[in-house]
Amino acid sequence: MSAKKKNVGSTIKKHLLTGISYMIPLIVAAGLCIALGQILGGPNVGKETGSIPYMINQIGGWGMSLIVPLICAAIAYSISDRPGIAPGLIIGFVCTQINAGFIGGMVGGFLVGYVVLGIKKYVKLPRSMQGLMPILVIPVLTTLICGLSMFLFIGQPIVWLQNGLTHMLESMQGGSKFAMGAILGTMATFDFGGPVNKTMSLFADGMLVNGIYGPEAVKFVGSIIPPFGITISYLLTKNKYTKSEKEALKAAFPMGICMITEGVIPIAARDLVRVVCSCVIGSAIAGGLIMVWGVEAPVPHGGLFVVPLFTHPWLFCLALFIGSVICGVTLSLMKKAVTEVDEEFDDTEDTNVSYDDIVFTVE
């Protein structure tokens, strides 16, 4: 029984890693385009319509919007081969529209993949109509089944969760500043740009409009700590990171400077519980300190480039440093050393294969 469970876990991990291997180049390309646009155009690059920095920033932003559809399609492809790609892309886009985020994309990918396998196994057509299976029957049935499942069973619960969290945060305005900052910091970090983060961002942006700038500063620190903290953990315990994780960090850290948390997703997906726990601890403490110290951010985005505009910018930097160190040390203590099994998907330098070969080796 334990061997069977282990085999199921290995299969799920294999499909997940295939999706990640396809996703990494997209995150790197899109994230660094956003970072380059902000470096060249400044924090208000999004308003400089027609300029080259604006175009570069837009390219990166549009690229980031493809992350969920891509990982959904890639996981579906890993499970069910080419018939899973088209419905996987559609369901991934549905996940973005219903705010299911990165986690929804992963769940959707597995759902699409196994629905395709089920249709292949149980739906039988006459031999003369077999050619319709891959181009009509499978994509249409899969899209309908998985799309309706997303709308009926995933979308509404997430909307309810977001509304509930927003009301809870609004009711805490008169409560403990540290507790509120800790909750906001946790939410900003928890799912690395997913629906929980988006709920917190919506709340912080609403407070900004009303002249309350503290939650925005917490949003900044909670979005930057994961890449900074994981980088510190890597510097402390390099033997606990695989080759691909080390490569991902090369992009994740500069993306973190620009307040782009998604660069750590490939690392978090490999060791989700430990990475999330350590990032949440660091961000919660930093968020609490920011609220207590009265740090305020008058802008909604811009990464470290706009920190000089903050109230008490040096205290923001101190809170960021404390939170990042706590995150890094905690993760180093919790994380297990890399084994040969962990490295088997990353062993590419000795075999001189291309990136395309790496993808198919993961499958």
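In which hand does α7 pass α9, right or left? Select both helices and look down the crossing: α7 passes α9 in a right-handed way, where right-handed means that the near helix is turned clockwise from the far one by less than a right angle, and left-handed means anticlockwise.

Before going further, note that this is a predicted model, in which local features need pLDDT of at least 70, side-chain atom pairs count only at pLDDT 80 or more, and totals for chains, interfaces and linings use all residues. Residues are numbered from 1 along each chain as its sequence is written, and side-chain values use heavy atoms, with hydrogens and water left out.

**The whole chain**

Zoom out and colour by secondary structure: the protein chain has 15 helices and zero strands. Helices (H or I, at least four residues) and strands (E, at least two) are DSSP runs, numbered from the N terminus. Of the 363 residues, 50% are buried, with buried meaning under 20% relative accessible area, exposed over 50% and partly exposed in between (1.4 Å probe, protein chains only). Now for contacts, meaning heavy atoms within 4.5 Å: among those between residues at least 6 apart in sequence, 74% join residues at least 24 apart.

**Back to α7 and α9**

Select 177–190 for α7 and 214–236 for α9; their axes come within 8 Å and cross at roughly 45°. The axes are lines fitted to C-alpha atoms, for helices over the stretch in contact, and angles run from 0 to 180 degrees between N-to-C directions. The two helices are therefore oblique to each other; angles under 35 degrees count as roughly parallel, over 145 as roughly antiparallel, 65 to 115 as roughly perpendicular and the rest as oblique.

Show side chains at the contact. From α7 come Gly181, Leu184, Gly185, Ala188 and Thr189, and from α9 they meet Pro215, Val218, Lys219, Gly222, Ser223 and Pro226. By class that makes five nonpolar, five polar and one charged residues (Ala, Val, Leu, Ile, Met, Phe, Trp, Tyr, Cys and Pro count as nonpolar, Asp, Glu, Lys and Arg as charged, and the others, Gly among them, as polar).

**Along α9**

Pick Glu216 in α9. Glu216 is buried, at 0% relative accessibility. Leaving aside residues up to four places away in sequence, Glu216 touches Ala204, Asp205, Leu208, Ala297, Val299 and Pro300.

Next, Thr231, also in α9, is buried at 14%.

**The salt bridges**

Stay on Lys250: it forms a salt bridge with Glu247, closest N and O atoms 3.0 Å apart. A salt bridge here is a side-chain nitrogen of Lys or Arg within 4 Å of a carboxyl oxygen of Asp or Glu, and the whole structure has five. Lys250 and Glu247 sit three residues apart in helix α10, about one helical turn. Lys250 is exposed at 57%, while Glu247 is partly exposed at 46%.

Now select Lys335 and Glu245, whose side chains meet in a salt bridge at 3.9 Å, N to O. Lys335 is in the loop between α13 (313–334) and α14 (340–343) and Glu245 is in α10 (residues 243–257), so the pair ties together parts 90 residues apart in sequence. Both are buried.

Last stop: Asp271 and Arg274, bridged at 3.0 Å, N to O. Asp271 is buried at 12%, and Arg274 is partly exposed at 23%. Keep Glu245, Asp271, Arg274 and Lys335 selected together, as these four are linked in a network of salt bridges.
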